[in-house]
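Let us take a walk through a two-chain model together. Please have the sequence and the 3D view open as you read.

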Amino acid sequence: MKIEDRKLFLKYALPCASTFVTRGTLTQEHLNDLIRTVSDDNLPNENVEEMFKVANAMCKIIAMRMNKSSIDSEVIRQYFLLEHSKVVDDRYELMRDFNPIDCKTYAGIVTKTENGHAIVKTSRGEREYKTLFAKNAREKDMVVVHFDFIVELITEDTFKKMQTAELEYGKRN
Amino acid sequence: MCQSPVGKVIKVNDSTILIEHKGKTRELDSKLVDVKVGEYVMFSLNIAIDKIDEEEAKMILGEL
């Protein structure tokens, strides 16, 4: 993965690393360091991506499907924005040891920002999210959220694609 | 999420494997892993994503 793609992957993946802390495979201090590093637009020295086995493998599969030789931003967004929910729900059906609602990504609109946080309206309702990974988020921006984080700003086209995918996925399940 | 379910390989075909997970079988795409019968894999949807050792697998399965 190229440097910018690694940063994007970690912005999407790190919000759910709190589950590693809960399971005792990562300390909160280490997670805080990783989040701080990525929010400062740097990369950790270690290969943290390997920790996210599911996301890494699913991105590899999507890259193969797209005839790409490596994981890039298009692959990462295809997985986290459009294919992540079915992975979450399948795992939940088998293991039922986490909250699948928190774990999914959602498209939303920023309604308010203040001191490192923003209120974002998604299909789940209005909630507060951290803006560490999207410090430029402003009121009325369209964003994608994962756990307690705004991951990045998205275009209106991507926002509509996510909403459509969410509706269609909801109808099927 | 992030930690995927685990199954024991019970049959290996050309590009798929059959695994057993908590008493149920599931056919998985095996293009990302190279495994033999009796080994354990982590999987997501219908894709085997990584081979893991028996001890770790049994811990995840709650058998240790």
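Predicted model: local features only at pLDDT ≥ 70, side-chain atom pairs only at ≥ 80, totals over all residues.

Chain A has 7 helices and 5 strands. Read from the N terminus, its elements follow the order α-α-α-α-α-α-β-β-β-β-β-α. The radius of gyration of chain A is 15 Å, close to the 16 Å that the globule rule gives for 173 residues, so chain A is as compact as a globular protein of that length.

Chain B contains 1 helix and 5 strands, and from the N terminus on they are arranged as β-β-β-β-β-α. Its radius of gyration is 10 Å, close to the 11 Å from the globule rule for 64 residues, so chain B too is as compact as a globular protein of that length.

| Chain | C-alpha extent along the principal axes | Buried residues |
|---|---|---|
| Chain A | roughly 40 × 35 × 35 Å | 34% of 173 residues |
| Chain B | about 30 × 25 × 20 Å | 31% of 64 residues |

In chain A, among contacts between residues at least 6 apart in sequence, 44% join residues at least 24 apart. For chain B, residues 24 or more positions apart account for 30% of the contacts with a separation of 6 or more.

## Where the chains touch

How many residues of chain A are in contact with chain B? There are 20 of them, and they meet 13 residues of chain B. On the side of chain A that touches chain B, the elements giving two or more residues are α2 (18-23), α4 and α5 of chain A. The largest share comes from α5(A), with 7 residues. By class, this side of chain A has 13 nonpolar, 1 polar and 6 charged residues.

## Helices α4 and α5 of chain A

Two of these elements also pack against each other. The axes of helix α4 (residues 53-65) and helix α5 (residues 73-95) of chain A come within 10 Å and cross at roughly 115°. The crossing of α4(A) and α5(A) is right-handed.

Which residues make the contact between α4(A) and α5(A)? From α4(A) come Val54(A), Ala55(A), Met58(A), Cys59(A), Ile62(A) and Ala63(A), and they meet Val75(A), Ile76(A), Gln78(A), Tyr79(A), Glu83(A) and Val87(A) of α5(A). By class, the contact has 10 nonpolar, 1 polar and 1 charged residues.

His84(A) is also found in helix α5 of chain A. Is His84(A) buried or exposed? It counts as buried because it has 21 C-beta neighbours inside 10 Å. Leaving aside neighbours within four places in sequence, His84(A) is in contact with Tyr79(A), Lys104(A) and Thr105(A). The C-alpha atoms of His84(A) and Met58(A) are separated by 8.9 Å, although these residues are 26 apart along the chain.

Strand β2 (residues 117-122) of chain A has two partners. Strand β1 (residues 105-114) of chain A is joined to β2(A) by 5 bridges, and the two run antiparallel.

## Loop residues with positive phi

Most residues other than glycine have a negative phi. Asp41(A) has a positive phi, near 65°, and it lies in the loop between α3 (28-39) and α4 of chain A. Asp41(A) counts as exposed because it has 10 C-beta neighbours inside 10 Å.

In chain B, phi of Lys22(B) is positive as well, near 50°. Lys22(B) is found in the loop between β2 (16-21) and β3 (24-29) of chain B. With 11 C-beta neighbours inside 10 Å, Lys22(B) counts as exposed.

Notes
Residues numbered from 1 in each chain as written. Chains lettered and ligands numbered in written order. Axes fitted to C-alpha atoms, helices over the stretch in contact; angles between N-to-C directions. Helix = DSSP H or I, 4+ residues; strand = E, 2+ residues; numbered from the N terminus. Left-handed = near helix turned anticlockwise from the far one by under 90°. Contact = placed C-beta atoms within 7 Å. Nonpolar A, V, L, I, M, F, W, Y, C, P; charged D, E, K, R; others polar. Pairing = 2+ DSSP bridges. Rg over C-alpha atoms; globule rule 2.2 N^0.38 Å. Buried ≥ 20, exposed ≤ 12 C-beta atoms within 10 Å, placed from the backbone.
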